[in-house]
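Here are some friendly notes to read with the model open beside you. Please follow each point on the structure as you go.

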Amino acid sequence: MSEKKEALNPLALDPKRETSGSNTFRKYNYQYHWAFCRILDEHESGNEFALFIEEHEDVTIASSLDVNKTSFELNQIKETSKTHTINSLTKTSIQDTTSLIGKLATSCCNKSFSSKIDKVNFISTGGYSFSLHKEGYNFEVIKSGQLSDEENTILLDSLKHIDGLSNFHQKLAFVIPDLPPKGFDLVVEGKISSLISKIAPGLKYDSNSIYDCIIRDMSRKGENSFDYQHWDDSIKRKAITSHQLTDVIEQHISRKPDEHLVTELMLILTDEYSLNSLSRRKIVSGFNRYYTRRIASRDTLISEISKNIVEKIEMNLDKYDNAKELETAVIYSLDKTTCSYFQTPEDLRGAFLYELIAGVSL
């Protein structure tokens with residue numbers, strides 16, 4: 001029997017006129033996935049953040065959602081096989097009159113927000129060849145202060161024409177990313193799985209759905225070229241925030257509360273609340289959502305809310321004989337931030353009952 005011949009691809013019989021498109025897409029795609037890895041690291045550390053794509057630099061990270069408290073980190077990212085030297089980083093040409101480092105400096109020097117910038121990173125997959133490498137060192141992050149005197153002289157001379165250069169040199173670092181240039185989407189999904197296993201062991205989760213939600217929104221916001229005068233509008237329309245990442249993770253993880261918690265919850269609802277079945281189910285749903293957030297969230301706001309509810313329960317515990325009356329007193333005394341966090345009265349009641357059962361020692 002003769003072997004079946006594989007069909008030839010008609011589109012591959014002639015060379016393509018343009019091949020740069022796929023390379024360009026990969027380079028941009030790499031930036032997005034590097035940014036994704038970065039916010040996963042921030043989430044694991046419990047840090048608040050807002051991440052912007054193509055906002056003054058490839059990736060800009062705000063350290064706080066509060067405009068009065070935030071500082072910025074600017075990152076220029078190069079997906080390349082080229083190993084950079086101090087000369088390649090600072091050279092110019094007739095076609096390109098601004099060097100790579102010059103472009104980075106221009107992004108953050110002499111700006112109205114320059115004083116809020118505390119880190120500036122040049123990130124390259126190709127790595128670097130500086131004097132310290134010739135001495136046998138192999139650092140992942142190389143601060144400008146680690147360059148040789150000669151390299152620093154070349155660097156500063158190449159930037160002397162740029163206005164507002166003060167402190168740029170001290171903030172500058174050269175970074176080799178740990179995200180590989182190929183297969184980075186699978187690495188990010190694996191990083192999501194690893195993160196959830198660390199912060200909430202035993203939970204069921206869908207890392208693929210978490211990945212899809214965030215990368216789609218990151219792409220959509222990265223393509224938004226509008227400027228926004230107000231910080232809150234910019235956060236909403238241009239940034240991926242710590243709160244958003246927390247919400248997406250919570251939506252795609254699940255774990256039923258321990259059996260003894262559920263049993264006690266149902267006893268309280270049955271004995272001390274006069275509710276129809278639908279209202280009872282809404283409270284149970286609110287209880288379950290709050291339970292998941294308490295065990296899985298890295299958001300400091302959740303910890304503050306829990307502390308506030310427990311504090312008010314303990315203050316009023318000896319004054320009432322049943323949970324319903326205690327709840328009324330507790331909710332009346334809660335901070336506005338705590339009350340505004342919950343979208344429905346049933347969600348707030350579920351949180352109260354969780355802390356009464358699991359958070360307070362009777």
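1. A definition to begin: a crossing is left-handed if the near helix is turned anticlockwise from the far one by less than a right angle, and right-handed if clockwise. By that rule, α11 passes α12 in a right-handed crossing. Helices here are DSSP runs (H or I, at least four residues), strands too (E, at least two), numbered from the N terminus.

2. Before going on, note that this is a predicted model, where local features need pLDDT of at least 70, side-chain atom pairs count only at pLDDT 80 or more, and totals for chains, interfaces and linings use all residues. Residues are numbered from 1 along each chain as its sequence is written, and side-chain values use heavy atoms, with hydrogens and water left out.

3. Back to the helix pair: L261, L265, M266 and L269 of α11 meet R280, I283, V284, F287 and Y291 of α12 (contact means heavy atoms within 4.5 Å).

4. Next, strand β1. Five of its six residues are buried (under 20% relative accessible area, 1.4 Å probe, protein chains only). Strands pair if DSSP finds at least two bridges between them. β1 runs antiparallel to β2 through five bridges, with L51 opposite I61. Three bridges join β1 to β8 (residues 239-241), also antiparallel, and A50 stands opposite T241 there.

5. In the hairpin of β1 and β2, one residue lies between the strands, and H56 takes a positive phi near 75°.

6. Finally, I39 touches F49, L51, I214, M218, I240 and L245, leaving aside residues up to four places away in sequence.

Terms used: Buried < 20%, exposed > 50% of the residue type's maximum accessible area, 1.4 Å probe, protein only.
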